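Thanks, everyone. Have the viewer open.

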Amino acid sequence: RILSGYSRIDSMKRFLIFNFLLLAVSFGQLNSWAHRFKEVINDPKGISISLKIEQKQFSDVSIESGVIEIVKKKHYILDFPSESVFVTGDTIQTWNKATNQLIIAQTIEGDMNIFDLLTGDFEYVTFGKITQRKKNIFMLFDVPIMGYGGELILKKNGEPDSVKVIYGPDQTVLLTVNDFKRGNLTYYYQFNPKNEEVIDLRE
């Protein structure tokens with residue numbers, strides 16, 4: 001009986017160790033893909049992504065195309081036909097091209113948006129299941145602090161293919177990458193609205 005007791009304990013230990021190793025391998029693979037993605041995004045030359053944004057809110061669907069240029073984490077610009085959003089650290093400048101109005105605001109600690117995910121900011125992100133299908137890597141994620149989740153899809157070279165965020169029932173935002181380039185940034189370094197009406201919300 002004593003021997004059988006030790007046997008059961010040893011078997012349980014082996015079972016726990018085996019499961020721990022499986023989890024370690026799983027998270028190791030996940031961290032590997034996340035790390036590869038962040039290496040690609042944090043290219044010293046900067047990166048430029050041409051993308052399509054599809055936003056769905058119940059029965060309403062809007063589609064817009066634009067460009068995001070990323071210099072580094074929290075330093076990027078989104079350029080659309082109607083407006084530009086320029087982010088440097090905790091400061092956001094939104095320029096309405098039609099009205100030439102510039103709104104300056106400050107980010108809230110812990111607040112995240114879909115574009116932060118695209119820049120590799122995973123500070124508040126919890127990753128779940130990871131799967132490989134053909135040429136892409138599918139990574140489920142949650143952002144508990146914001147109460148939403150979604151899916152990040154990468155190519156096997158680490159480049160982003162798409163990001164989908166689910167805010168609620170029938171409320172999603174999907175970013176689809178049309179083109180990915182390294183270096184030769186133009187929108188970020190040329191952002192300089194002229195004769196604009198400034199509204200500073202930080203004051």
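Where is Asn184 found? Look between strand S11, residues 171-182, and helix H3, residues 187-190: Asn184 sits in the loop there. Keep in mind that this is a predicted model.

Stay on Asn184 for a moment. Its phi is near 55°, which is a positive value in a residue other than glycine. Is Asn184 buried or exposed? Its relative accessibility is 73%, and the cut-off for exposed is over 50%, so Asn184 counts as exposed.

Next, Asn100. Here, too, phi is near 55°, positive in a residue that is not glycine. Asn100 is in the loop between S5 and strand S6, and S6 covers residues 101-106.

Now step into strand S5. That strand runs over residues 91-96, and Thr91 belongs to it. Why does Thr91 count as buried? Because its relative accessible area is 14%, and buried means under 20%. What does Thr91 touch? Leave aside neighbours within four places in sequence, and the contacts of Thr91 are Phe86, Ile104, Ala105 and Arg202. There is also a side-chain to side-chain polar contact between Thr91 and Asp90, at 3.4 Å.

Arg202 was on that list, so follow it, because it is partly exposed at 42% relative accessibility. Where does Arg202 lie? It is in the segment after strand S12, residues 197-200. Not counting residues up to four places away in sequence, Arg202 touches Thr91, Ile104, Ala105 and Gln106. The Arg202 side chain makes a polar contact with the side chain of Asp200, at 2.9 Å. One more distance here. Arg202 and Ile103 are 99 residues apart in sequence, yet 9.7 Å apart in space, C-alpha to C-alpha.

Now zoom out to the chain. How many helices and strands does it have? Three helices and twelve strands. There are 203 residues, and buried ones make up 37% of them. Take the contacts with a separation of 6 or more: residues 24 or more positions apart account for 47%. The accessible surface is about 12500 Å², and 54% of that belongs to carbon and sulfur atoms.

Last topic: empty space. Rolling a probe the size of a water molecule over the atoms shows where such space is left.

The largest pocket has a volume of about 530 Å³. It is lined by 25 residues, and the closest to its centre are Leu78, Val85, Asn113, Ile114 and Phe115. Which elements give two or more residues to the lining? Strands S1 (47-57), S2 (60-72), S3 (75-79) and S4 (83-88), together with helix H2 (114-118). By class, that lining has 14 nonpolar, six polar and five charged residues.

And the cavity. The count comes to one cavity of 30 Å³ or more. The largest cavity holds about 30 Å³ of space. Which residues line it? Leu117, Phe122, Phe127, Phe141, Leu152 and Val163. By class, that is six nonpolar, no polar and no charged.

So much for the tour. Leave the largest pocket on screen, with Asn113, Ile114 and Phe115 among the residues closest to its centre. Over to you for discussion.

Terms used. Residues numbered from 1 in each chain as written. Predicted model: local features only at pLDDT ≥ 70, side-chain atom pairs only at ≥ 80, totals over all residues. Heavy atoms only, no water. 1 Å grid on protein atoms, 1.4 Å probe; cavity = no way out; pocket = protein on both sides within 12 Å on 5 of 7 lines; lining within 4 Å. Points joined across faces, edges and corners; volume = space filled by probe spheres on them. Helix = DSSP H or I, 4+ residues; strand = E, 2+ residues; numbered from the N terminus. Nonpolar A, V, L, I, M, F, W, Y, C, P; charged D, E, K, R; others polar. Buried < 20%, exposed > 50% of the residue type's maximum accessible area, 1.4 Å probe, protein only. Contact = heavy atoms within 4.5 Å. Areas by Shrake-Rupley, 256 points an atom, 1.4 Å probe, with all protein chains shown as cover. Polar contact = N/O pair within 3.5 Å; in protein donor to acceptor, adjacent residues only side chain to side chain.
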